[in-house]
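Please read them with the structure open.

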Amino acid sequence: FVLSFRPRLEALLDRLPREPAPAGESGPEPTPARPPAATARAELGPLGEFLHHLPPSATEVDRMLAAGYYLQQLSTDDSFATGDANKRLAEHGVKIGNPSQCVRQSLTARRVFAVTRGRFRVSQTGRAYLRQLTNGAVPE
């Protein structure tokens, strides 16, 4: 079996450089650092698993805050939109009666703040609240 691939393998091996690159010349590019979204995803795990850290007594406001925090960690601008958080919760079977009202209540409690029109960011107070609610599932 291996002998049948020998000509191809030899052709590929002939393409490789015979000598290592001299010092000072750049070799292969270093592996880039993990992007923040990938790091956050690795720390938090999948959304469904993250939501399971919430206690059964968690309110709709708490669930919306948790989904917002999760999406914020994955976004490039470090913020989330109400509609995106509600959509992701719905994908996991969590129905929110009035998502906008949930975000407004979090705004009033200063757990989130508006970044731009329709985009929000979870505050330090909100992170501390989530950390307490999830027994430390939210990193410092």
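**Notes on the fold and its packing**

1. Followed along the sequence, the chain runs α-α-α-α-β-α-α-β-β-α, and it holds seven helices and three strands, where helices (H or I, at least four residues) and strands (E, at least two) are DSSP runs numbered from the N terminus. This is a predicted model, in which local features need pLDDT of at least 70 and side-chain atom pairs count only at pLDDT 80 or more, while totals for chains, interfaces and linings use all residues. Residues are numbered from 1 along each chain as its sequence is written, and side-chain values use heavy atoms, with hydrogens and water left out.

2. Of the 140 residues in the chain, 34% are buried (under 20% relative accessible area, with exposed meaning over 50% and partly exposed in between, for a 1.4 Å probe and protein chains only). The accessible surface of the chain is about 9500 Å², and carbon and sulfur atoms contribute 55% of that surface; the areas come from the Shrake-Rupley method with a 1.4 Å probe, and for residues only the protein chains shown count as cover. Among contacts (heavy atoms within 4.5 Å) with a separation of 6 or more, 55% are between residues 24 or more positions apart.

3. Helix α4 (residues 60–74) packs against helix α5 (residues 82–91) at an angle of about 105°, and their axes are 9 Å apart. The two helices are therefore roughly perpendicular, a label covering 65 to 115 degrees, whereas under 35 counts as roughly parallel, over 145 as roughly antiparallel and the rest as oblique. Axes here are lines fitted to C-alpha atoms, for helices over the stretch in contact, and angles run from 0 to 180 degrees between N-to-C directions. On the α4 side the residues involved are R63, M64, A67, G68, Y70 and L71, which meet T82, D84, A85, N86, R88 and L89 in α5.

4. G68, which lies in helix α4, counts as buried because its relative accessibility is 0%. Apart from neighbours within four places in sequence, G68 is in contact with F80, A85 and V122.

5. Leaving out residues up to four places away in sequence, Q72 touches D78, S79, F80, F120, R121, V122 and R127.
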